[in-house]
Structure formats: C-alpha cells, structure tokens
2 protein chains.
Amino acid sequence: MGATRAPVDKTTRQDLILRLISERDLGTQQGVAEALADEGVEVAQATVSRDLAELGVLKVGNRYLALPHDPGSAGIEVLPSFVLGIVPARNQVVIHTRDGTAGAVSSVLDRVKGLKILGTIAGQDTVLAISSDDEAAEEVAGLIADVCRAKTRPAGNVE
Amino acid sequence: MGATRAPVDKTTRQDLILRLISERDLGTQQGVAEALADEGVEVAQATVSRDLAELGVLKVGNRYLALPHDPGSAGIEVLPSFVLGIVPARNQVVIHTRDGTAGAVSSVLDRVKGLKILGTIAGQDTVLAISSDDEAAEEVAGLIADVCRAKTRPAGNVE
DNA sequence: GATATTTATTCAAGTTCTTGGATATTTGCG
DNA sequence: CGCAAATATCCAAGAACTTGAATAAATATC
C-alpha cells in the first residue's frame, strides 16, 4: 500500500524510522531496512546503521528504543542512576525513583518512542506509567529494567 | 577583543546573529555584517540576507526582531489576530488579547529576541509584560504595536 | 519620479554531505 | 575457539549545500 514515490531525504527517512520503531517490533538493521522498503523507501543496511547512530537509537535486548533528541531535557542515560525500582501492576507500572527525580524520569519515559505507555504521572519519588493493558505494562516494565541494566551506549557514536 | 579565530560554520554564525540582534540595535544587513566582523566573523551582505531569511527574522521599523523557530509553539504571526490592545504603564506593558489567547501571546513574547522584556505573566485575556524601566516598556509597546500592524512577511521566504 | 539605500537573486566555484557496495569488526552462541 | 549474525567503517561518486561577487529588485527619500 504505502508507495510514497518520492526520493525522500535523510530527515524524512529518519523521522519514518522513529515512527516505524515505535509501531513495529524491530530488532535488526536489516529489519528496519525492510520496514522502510515496505513504505517505499529503499536504503542499504549501512545507511540504517548511520541513521540509528545519528538518531541516538538504543538497542535493548532485541528491540530498538528511540529518544528524540531534546537539548534541555534529561536523556535516557539518567534512568540507570535515578530509577530505584520497577513494579508492574495490572496495566500500570509503578516506578520508584530517587527523591525529586520522578519528574525527570517521567519526562524521559514520555518521550521514548517504542514504549507502550499511554501517559505518566509523577510525584516526588514515584512515577506511575499507564499502559493499555496488563501485557503491555509487563513489557514496559521489562524494557525499562533492561534499559537501567544496559550500558547506555547508543547504537553508534553520535558525533 | 572578540577575535574568534575559527572558520565558524553556518549554524554558529546564525546563532551569533540572533544574539547580536537581541543585544545591539541593528537595522540593516550591512550593520549586521559589521557586527559580525566585530566578533571576528566576516561574511558578505548576501550571506546575511540569506541568514536572516532562514532565521525568520522580522524587520519592524528599522529594528530586527527574531523569533527562534519552535515547531509546536505559536509563531509571531498570531499577534495581529490575537492582540486587541497595548498599553504601557510604568515599566510594564498591559496587553489585551482575545479571550483564551493570552497564554499563546505571552509565549511568543517570551521567545522574541530583541524585545526588552524581562518576563511575562498571562491571564485569560491579558498579558502583563515586565520591562526593566519605563523607557524600555514604552519601546516594547511600540514594537509590539508595529508588529501587529506590519505585514508579517519575514525578511525573506523561508523555503 | 529620480536617486540612494537596502535587500534579494543569479551565477559559479569550492566544499561538504549522502549513500551504496565491499569489507572489517564486533557480538552471540555453541 | 570457530562460526554466524549483526553492525560499523572505508571508499568513491554523485548530489546538495554554502558563499562571495555582481547585479537585479524593492524600498525609502526628497
């Protein structure tokens, strides 16, 4: 269906990548390239590699997560040091954080593409993340835990 | 003094232009070019012309005003339709707006470079802008009025 | 409306960017 | 360790961007 017949420049393609990452479960650059092809954008794996690096996309387990650059806001790298505990409950995830950092954490979560979070509410040291259903919440909790455990090195050295 | 001996790329130069515009009273592209030269950045008038256009700088009377691009926020073009009245009072300016639009108007004013505004407070249909002194407030009021009167065409067609 | 000032555009050259193909490197797993 | 999968990097060619000089167009001034 998607036959976007246009040369598409780099920026457009990267925006598309962010969208695809948040919609589908993509775990390899080849997969991303194929997803792009589905949308009518054909590029080599090398290009996907460079795009992911420039976008600062993070690979956690075998799932890409993207946090759109926003100078002035906290980055995903604060999670490991701010998050103390993660507990899924029904379709929610209760995240315990260092005192005073709940706002920063929820801000990051709000901006991460690829997380099945509908919205967040932050207190002083607690963030409540709402997902659509129990399964999604479980997945979200797992991913956040992975992020906190993982070396925050993104998929490439963003110059 | 300012002898920034570096080739300076386009972005750096444009950021510098925004700063110079808000600090000094610049009214011609030649003047901007000279101000840049003072900082050690030498460019032709043609380049300044293109920079101002790309930055979306507006010329009101013989004063440049810049509103940094911020997709997602209202642009300066909303002023003519939202602002109903402008009254300077001491070091303040009281701006009457269409009901519900005071927030948008204050947001724009906060972001305009070159206006001598220390800060703003918005109600429902009123914005209070605080300047450092009576003279500055008077100037601010005049500039806002000019903006509202002027054709909002920026200094160039930002492609 | 003629002149001077200010701004925009055209042109050409030099530079940088972008990208695919090939290849090297890294990572994960037995 | 050795293999396979995944990712990063080198290289070269073409595309796109950047910029100054010259010039045209627009605007202001008298």
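By class, the surface around DNA strand C in this predicted model comprises seven nonpolar, seven polar and four charged residues, where Ala, Val, Leu, Ile, Met, Phe, Trp, Tyr, Cys and Pro count as nonpolar, Asp, Glu, Lys and Arg as charged, and the others, Gly among them, as polar. A residue is taken to be near a strand if its C-beta atom, placed from the backbone, lies within 6 Å of it. Of the 18 residues around DNA strand C, those that come nearest are A:Val43, A:Thr47, B:Thr28, B:Gln29 and B:Ala46. At least two residues of this surface are supplied by each of α3 of chain A, α2 (29–38) of chain B and α3 of chain B, and the largest share, six residues, comes from α3(B). Helices (H or I, at least four residues) and strands (E, at least two) are DSSP runs, numbered from the N terminus. Residues are numbered from 1 along each chain as its sequence is written, while chains are lettered from A and ligands numbered from 1 in the order in which they are written. Because the model is predicted, local features need pLDDT of at least 70 and side-chain atom pairs count only at pLDDT 80 or more, whereas totals for chains, interfaces and linings use all residues.

Around DNA strand D there are likewise 18 residues, of which A:Thr28, A:Gln29, A:Ala46, B:Val43 and B:Thr47 come nearest. The elements giving two or more residues to this surface are α2 (29–38) and α3 (45–55) of chain A, together with α3 (45–55) of chain B. The largest share, six residues, comes from α3(A), and the surface near DNA strand D divides into seven nonpolar, seven polar and four charged residues. A:Thr28 lies in the loop between α1 (10–23) and α2 of chain A. With 13 C-beta neighbours inside 10 Å, A:Thr28 counts as partly exposed; a residue is buried if 20 or more other C-beta atoms, placed from the backbone, lie within 10 Å of its own, exposed if 12 or fewer, and partly exposed in between. The C-alpha atom of A:Thr28 is separated by 20 Å from that of A:Val140, which lies 112 residues apart from A:Thr28 along the chain.

In chain B, the buried residues of α2(B) are B:Gln29, B:Val32, B:Ala33 and B:Leu36. Seen down the axis of α2(B), these residues fall within an arc of 100 degrees, so they line one face of the helix, the arc being that of the directions from the helix axis to the C-beta atoms. The buried residues of α2(B) pack against α1 (10–23) and α3 of chain B, whereas B:Gln30 and B:Ala37 are exposed on the other side of α2(B). Just after α2(B), B:Gly40 takes a positive phi of about 90 degrees.

The secondary structure of chain A comprises six helices and six strands, which follow the pattern α-α-α-β-β-α-β-β-α-β-β-α along the sequence. Of the 159 residues of chain A, 34% count as buried. Among contacts in chain A with a separation of 6 or more, 62% are accounted for by residues 24 or more positions apart, two residues being in contact if their C-beta atoms, placed from the backbone, lie within 7 Å.

Helix α1(A) has 14 residues and reaches 20 Å from its first C-alpha to its last, close to the 20 Å expected at 1.5 Å a residue, where the expected span is 1.5 Å times one less than the number of residues. Its buried residues are A:Leu16, A:Ile17, A:Leu20 and A:Ile21. They cover an arc of only 135 degrees around the axis, which puts them on the same side of α1(A). These buried residues pack against α2, α3 and β2 (63–65) of chain A, while the face of α1(A) turned away from the buried side carries the exposed residues A:Thr11 and A:Glu23.

The domain assignment of chain A, with bounds from an automatic or database assignment, gives domain 1 (10–65) and domain 2 (76–149). Their centres, taken over C-alpha atoms, are separated by 24 Å, and nine residues of domain 1 of chain A are in contact with eight residues of domain 2 of chain A. On the side of domain 1 that touches domain 2, the elements giving two or more residues are α1, β1 (58–60) and β2 of chain A. This side has six nonpolar, two polar and one charged residues.
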